[in-house]
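Hello,

Here is the structure I promised to pass on. Please open it next to this note, and the findings follow below.

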Amino acid sequence: MASLQRSTSSGSEAGDPQIDERKRKRMLSNRESARRSRMRKQKQLEDLTDEVSRLQGANKKLVESIKAKEEACVETEAANSILRAQTMELADRLRFLNSILEIAEEVSGFDVEIPEIPDPLLKPWQIPHPTQPIMASANMFQH
């Protein structure tokens, strides 16, 4: 019987205005809490959407930067290949000219100082620096 009395006394049928007021306030409080919760979730969703957009933009910039650097690297490698080929060609020319000097020295009897030719592929940091700059042609760097 006691449980029956509790259920009827807690309901709105009891007619207790104080209980009805508490129930109404609790409902209002729950509604407000639910509204705040929905607003927080909406704000979180907007923040995450903004962050996704920002990160996608940053990612796009990084991809473009990487692509530009890769292209620059390919161009630099091509220029290096050309310079290596020119270095080898000039080293061959120098060897040829030195052999002519050796022949001229033997024939004429004059003592000609012939410098040693370093191998640029074995020690690229010791490539001899010419006294005059090597002029490059305009079509040399086209591929």
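Before the rest, a word on the source. This is a predicted model, in which local features need pLDDT of at least 70, side-chain atom pairs count only at pLDDT 80 or more, and totals for chains, interfaces and linings use all residues. Residues are numbered from 1 along each chain as its sequence is written, and side-chain values use heavy atoms, with hydrogens and water left out.

**The chain as a whole**

The chain has two helices and zero strands (DSSP runs numbered from the N terminus: H or I of at least four residues for helices, E of at least two for strands). Of its 143 residues, 3% are buried. The chain exposes about 12,800 Å², and carbon and sulfur atoms supply 58% of that area (Shrake-Rupley method with a 1.4 Å probe; for residues, only the protein chains shown count as cover).

On confidence, the mean pLDDT of the chain is 80, with 69% of the residues at 70 or more (pLDDT is the predictor's confidence in each residue, from 0 to 100). Over residues 1-12, pLDDT stays under 50, and the model has five contacts beyond four places in sequence for them (a contact means heavy atoms within 4.5 Å). Where pLDDT is low, the predicted coordinates should not be read in detail.

**Helix 2**

Helix 2 covers residues 17-108, which is 92 residues. From first C-alpha to last, helix 2 reaches 132 Å, close to the 136 Å expected at 1.5 Å a residue (the expected span is 1.5 Å times one less than the number of residues). Just after helix 2 comes Gly109, with a positive phi of about 85°.

Leu97 belongs to helix 2. Together with Phe96 and Ile100, Leu97 forms a nonpolar patch on the surface, with about 300 Å² of accessible area in total (patch residues have over 30% relative accessible area and no salt bridge; like charges are joined within 9 Å, and nonpolar side chains, meaning Val, Leu, Ile, Met, Phe, Trp and Tyr, within 5 Å).

**Salt bridges**

How many salt bridges does a search of the whole structure find? The search finds seven (a side-chain nitrogen of Lys or Arg within 4 Å of a carboxyl oxygen of Asp or Glu). Side chains of opposite charge can pair when their charged atoms come close.

- Arg24 and Glu21 meet at 2.5 Å, N to O. They are three residues apart in helix 2, so about one helical turn separates them. Arg24 is partly exposed at 42%, as is Glu21 at 32%.
- Lys43 pairs with Asp47, with the closest N and O atoms 2.9 Å apart. Both lie in helix 2, four residues or about one turn apart. Lys43 is partly exposed at 47% and Asp47 at 37%.
- Arg93 pairs with Glu89, with the closest N and O atoms 2.6 Å apart. These two also sit four residues apart in helix 2, about one turn. Arg93 is partly exposed at 47% and Glu89 at 40%.
- Glu32, Arg35 and Arg36 are linked in a network of salt bridges.

Enjoy looking through it, and write back with any questions.

Best wishes

Conventions:
Buried means under 20% relative accessible area, exposed over 50%, partly exposed in between (1.4 Å probe, protein chains only).
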